[in-house]
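I open this page to record what I looked up, beginning with the chain as a whole and ending with a single residue.

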Amino acid sequence: MKQKKIEQQALMVGIVVNIVMVVAGFFVFFLTGLKAMFLDASFTVISVLSGAVAAYLSKKTVRVSERFPNGMFALEPIYAICKSIFTICLLLFSFLDVLQVAITYFVHGEGERLSFGPVIIYQIASVAVCLGLVAYYRMRNRSIGNASMMLKAESNGTWIDGMISLGIGIVAVLLFFLPTGTPFDFLHYTGDFFITTIIVVLTVKEPFIVLRDAFVELIGGTHDDEETSALVERSVAEHLPENIEMEKIHVFKTGMNYDVDIFIGSSEGAVSIERLVAARNAIEYALKPKLHIVNVDFVFE
């Protein structure tokens, strides 16, 4: 399937790029010991591992069997939920880690002066790579109507990774030019805490959004995208037999799979099964260029 191939290709590109960034990130972390660099490199590790899992699931979910005749698309929102929870936990762990360092300095006056070394050069490259990868993920997802929850989750994680790199780079530049013996000398020991905290506050909302959307898909909530709803309503109105009264339409999305339930009320005269089947096929055919994997059902009330 063309749409799945696009998704899989995008995920593989992300894996290769992130492996290179992992090696570079941990190299810089071991040189500097900067906690925020550990957060940065750890996020990239997550991107590599989650990208590998997503690539595997992308091939798995579309396959049908006797036990799963409609595929296993529910694995896609499950993946997004797991990654979002893991991301939130990592943000919390990173904040608590640097909080302990800050408390030790401000309460006991103990701490190590931050060393940035090659951090600035690395962060410039990292921000450029992350922003480019985010743009690539979103471009490929738009080409399939933003149907891929996994590309959305990967794009979200890469965006957070880029923001972490940007924040670390900004602090590194500021502290590089900040002279010693000033009222702001404490930043040379606790700057790691402040930038990590700012990063957590600014980015923690993103995984919660993905978590919410994936949870709605998993438990069968209706898809609330206005553009998709309008497309479905137009297609149904064009192909539904004239003597049938449509009461409402529910659109459900699970991964890259769409289910459209058309609720039918009263009708004028008899309607043959053949006409309903033909109408269903026509609606599915009209929706496939945008929704790709779509199943239409009539529900009689």
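**Notebook: chain and residue**

I began with burial: 46% of the 301 residues of the protein chain count as buried. I note here that the model is a predicted one.

I then listed the secondary structure. The protein chain holds nine helices and three strands. Read from the N terminus, its elements follow the order α-α-α-α-α-α-α-α-β-β-α-β. I next checked the overall spread: the radius of gyration is 25 Å, well over the 19 Å given by the globule rule for 301 residues, so the protein chain is more spread out than a compact globule. For the extents, I recorded that the C-alpha trace spans about 90 × 35 × 30 Å along its principal axes.

I looked up the contacts by sequence separation. Taking contacts between residues at least 6 apart in sequence, I found that 77% join residues at least 24 apart.

I turned to surface and charge. The accessible surface of the protein chain comes to about 15600 Å², and carbon and sulfur atoms account for 65% of this. I counted 23 positive and 30 negative side chains, with the centres of the two sets 7 Å apart.

My last entry concerns E76. Where does E76 lie? I placed E76 in helix α3, which covers residues 75-108. Is E76 buried or exposed? E76 counts as buried because its relative accessibility is 0%, and the cut-off for buried is under 20%. Setting aside neighbours within four places in sequence, I found E76 in contact with K4, T61, M149, M150, G255 and M256.

Note on methods
Residues numbered from 1 in each chain as written. Predicted model: local features only at pLDDT ≥ 70, side-chain atom pairs only at ≥ 80, totals over all residues. Heavy atoms only, no water. Helix = DSSP H or I, 4+ residues; strand = E, 2+ residues; numbered from the N terminus. Buried < 20%, exposed > 50% of the residue type's maximum accessible area, 1.4 Å probe, protein only. Contact = heavy atoms within 4.5 Å. Rg over C-alpha atoms; globule rule 2.2 N^0.38 Å. Areas by Shrake-Rupley, 256 points an atom, 1.4 Å probe, with all protein chains shown as cover. Lys, Arg positive; Asp, Glu negative; His and termini not counted. Charge placed at Lys NZ, Arg CZ, Asp CG, Glu CD.
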